[in-house]
Amino acid sequence: MTGSTSKDDLDRPHDLVGVGIGPFNLSLAALAHGVPGGLAAAFYEQRPAFHWHPGLLIEGATLQVPFLADLVTLADPASPWTFLNYLKSRERLFPFYFAEKFHIQRAEYDAYCRWVSERLPGLHFGHQVDSVRWNPERRLFEVDFTQIDPEGEAEALGRAYTRNVVLGVGTEPFVPEPLRPLADAPGVPVIHSADYLTHRETLLAAGHVTVIGSGQSGAEVFLDLLRARPAGAERIHWLARTEAFAPMEYSKLGLEHFTPDYTRYFHSLPEPVRGELVPRQWQLHKGIDADTIAAIHDELYRRTLHGGWPDAVLTPGVRVRTAGRVATTQVELHLEHLQQGSRSRLTTDAVVLATGYRERPVDRMLAGLAPYLRHDASGRARIDERYRLVLDPSVTGSVFVQNAEKHTHGVGAPDLGLAAWRSAAILNTVTGKEPYPLPRRTAFTSFGLEAREAPSIPAQDRKLTPLVQH
């Protein structure tokens, strides 16, 4: 829903203002819509409409979480905004039932989220939030924004007052330092995987393509290019810093790292322990889906059936030291193998950087809150167990964060499977009630040695049955 806001609406304090409308704040908006008694909430997004990683909606690519990890189901399966209700509204529920798909395609998830965003009230696209400040006289946050017209030009300025703010501005593509000058230069074929589909035809026409990055995006891009290029003339390199093109940890007990139980455990750890732990857990969230690895191997194997090997080089354990242009149409990568200690050069016609994402900086937006913010020993924002920035006690409102708390809440921060639970936890805090009762236990694993509350499972009838002697 895209709409302007009346002056009366702006002057009337909101209970909640969301900054950004990605999947996480869309989840929050959907659940806020169902709070009994209503909740005065507004959400602002600078883009003209909802889109979720449009450059990576490769045909056939699936989510790495089950469809139950939609915007609301794991907190409120009776919500009108579930994925199953979306299918019902499209008269696709029976086809989905017979398809027996637990993991849906990314394009379908994007379409589902867009369906929600076009029907949910209180969403304002084309509104860029410029600053968030605390007004001590009114004991409210001031959220200043610019309304943007369809051409991307500033159309009007506005301000909303709110008791609470939720930052859901998401992440942005990360480009390693050695490749930033090339990625920023016009006409040089160095692109981030986030823009893959936009440049796909150019990449297919390139004489030689190099994909950098060992995660799911890198694997999907490599597989798509491999399938589309002629056998025997693939001319693709796939390079990665990791020691192997490794599968994501997807065992049932391994997945319990993406439960609220583990989130609480991680938050309770000392800050230095948390800082050391996250990098070691890369395979929990940066590995490759086993089916994608199998599909890559199957495609490579298929190309050997008539003799010879495909012209595709897959090399892990490699980092790009430096990079530069060769003439005006090619790129030269200076490589180092981390285990061998050897160095080499690779000339290529195009580079796809599947190098991941970083949290989008909000320092400028929150400059007005800087005197109130509290930081940890590493200079990062302190975030309490309820996803609130730790502020000076004089600030009576709360600023919540979504997908900006990996350093305090662990690897589940960016995971879609925890979206509904986190949104429900935020709404329970905002309302001071429990519109969304949450389970006390969510994992079979006990992550620490400290005793915890017993699970809420009804006790068995322990009445003894007398033995009867025959």
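Is Tyr 109 buried or exposed? Select Tyr 109: at 2% relative accessibility, this residue counts as buried. Buried means under 20% relative accessible area, exposed over 50%, and partly exposed in between, with a 1.4 Å probe and protein chains only.

The model is predicted: local features need pLDDT of at least 70, side-chain atom pairs count only at pLDDT 80 or more, and totals for chains, interfaces and linings use all residues. Residues are numbered from 1 along each chain as its sequence is written, and side-chain values use heavy atoms, leaving out hydrogens and water.

Now the rings. Rings of Phe, Tyr and Trp (its six-membered ring) pair if their centres lie within 6.5 Å; planes under 30 degrees apart count as stacked, over 60 as edge-to-face, the rest as tilted. The count comes to 23 aromatic pairs. Trp 52 counts as buried, at 13% relative accessibility.

Next, select Phe 94 and Phe 98. Their ring centres are 6.3 Å apart and their planes at 40 degrees, so this pair is tilted. Phe 94 counts as exposed at 59% relative accessibility. Phe 98 also counts as exposed, at 59%.

Ring pairs link its members, among them Trp 52, Phe 102, Tyr 109 and Trp 115. Stop at Phe 102: at 45% relative accessibility, this residue counts as partly exposed.

Finish with charges over rings (NZ of Lys or CZ of Arg within 6 Å of the ring centre and within 35 degrees of the ring normal). The charged end of Arg 358 sits over the ring of Phe 174, 3.9 Å from its centre. Arg 422 lies over the face of Phe 24, at 4.5 Å from the ring centre.
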